[in-house]
Amino acid sequence: RGNHTVVNNVISQNSCGEHGGGGIACYGGDLSLSDNTIISNTAQLRGGGIYIIINTNVVNCIIRGNSSGDEYHQICTGDWADPSFTYCDIEGGWEGEGNIDCDPQFCGPENDDFYLHTSSCCIGEGEGGTDIGALGVGCDYYCGEYIVGDFNGSGEFNVADIIESYSKLATGSPAAGLVCECPPGSGNEWAVAMDVNNSCAFNVADICIAYQRLALGQPELEPCEHCPPAGR
């Protein structure tokens, strides 16, 4: 209750009972929310993310991944409330200027890392061209570290990889651990460890080059830490 302003907070992993508002609940006064990330909160009823029964101004907030025992997983408002949501990324959508509904592409949500990938739909889409959410850009097109030519995912490049490469080429299915999405959120798969010639594809040319390097006694290839640049 009372007048409150909540700015630049990550509100996550909270829960409440049937009173509502797993992340935020406000029953009186004035409430202003800006540049917050409200995610992975739960409520038994009425708004896993937000429950408000007063007039509220919400801008530049990410409200996603919350859950409730009823249909109001992200937001629940009282019948007499007239809230304003603008320039927010809200799961399921919400009426208001500049609002969007898309995966914000957090850098590592499984580790509570809610910074944004450089390809996030929330970048520059906030009011005045700012970013939506509590945190800005925190990572690039990072895929992890791989040894290029490590076809079997053993962590090194040797003759076993050459044997494995023929099997992968025949089935057209590289191991899931050797595939990354580039750029994140695009749906495009890149077999990073198997792309020996850096063509952004895996084919017989990669096997030939890998075999040549092995024959020449050059089995140690550079780790590949990033996806190719967007648009490559």
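This is a predicted model: local features need pLDDT of at least 70, side-chain atom pairs count only at pLDDT 80 or more; totals for chains, interfaces and linings use all residues.
How many bridges pair β4 with strand β8 (residues 50-52), and in which sense, parallel or antiparallel? The two strands pair in the parallel sense over three bridges, where pairing of two strands requires that DSSP finds at least two bridges between them. The strands themselves are DSSP runs (E, at least two residues), as are the helices (H or I, at least four residues), and they are numbered from the N terminus.

Residues are numbered from 1 along each chain as its sequence is written, and side-chain values use heavy atoms, with hydrogens and water left out.

Taken as a whole, the protein has a secondary structure of two helices and 21 strands. Among its 232 residues, 43% count as buried, a word that here means under 20% relative accessible area, with exposed meaning over 50% and partly exposed lying in between (1.4 Å probe, protein chains only). The protein exposes about 11,400 Å², of which carbon and sulfur atoms supply 47%; such areas come from the Shrake-Rupley method with a 1.4 Å probe, and for residues only the protein chains shown count as cover. If contact is taken as heavy atoms within 4.5 Å, then residues 24 or more positions apart account for 65% of the contacts in the protein with a separation of 6 or more.

The opening pair of strands belongs to an open sheet of three strands, arranged in the order β4-β8-β12 with parallel pairing. In this sheet β4 (24-26) and β12 (75-77) stand at the edges and each has a single partner strand, so one side of each is left without a neighbour in the sheet. From one strand to the next, the twist averages 5 degrees, the axes being lines fitted to C-alpha atoms (for helices over the stretch in contact) and the angles running from 0 to 180 degrees between N-to-C directions.

Another open sheet is built from four strands in the order β2-β6-β10-β14, and its pairing is parallel. Here β2 (10-12) and β14 are the strands at the edges, each with a single partner strand, so one side of each lacks a neighbour in the sheet. Two bridges join β10 to β14, which run parallel, and the bridge partner of isoleucine 62 in β14 is aspartate 89.

Side chains of opposite charge can pair when their charged atoms come close. The structure holds two salt bridges, each defined as a side-chain nitrogen of Lys or Arg within 4 Å of a carboxyl oxygen of Asp or Glu. In one of them, arginine 64 is joined to aspartate 89, with the closest N and O atoms 3.0 Å apart. Because arginine 64 lies in strand β10 (residues 62-64) and aspartate 89 in strand β14 (residues 89-90), the pair ties together parts that are 25 residues apart in sequence. Arginine 64 is buried, with a relative accessible area of 12%, and aspartate 89 is buried as well, at 0%.

Arginine 64 also meets the side chain of aspartate 101 in a salt bridge (2.8 Å, N to O). This pair links distant parts of the chain, since aspartate 101 is in the loop between β14 and β15 and arginine 64 is in strand β10, 37 residues apart. Aspartate 101 counts as partly exposed, at 43% relative accessibility. Through shared partners, the salt bridges join Arg64, Asp89 and Asp101 into one network.

Phenylalanine 106 has leucine 116 in β16 as its bridge partner. The hairpin of these strands has four residues between them, and aspartate 112 takes a positive phi near 60 degrees there. Two bridges also join β16 to strand β17 (residues 137-139), and these run parallel.

The last stop is serine 165, found in helix α1 (residues 159-171). Serine 165 is buried, with a relative accessible area of 0%. Leaving aside neighbours within four places in sequence, serine 165 is in contact with Phe151, Phe202 and Ile207.
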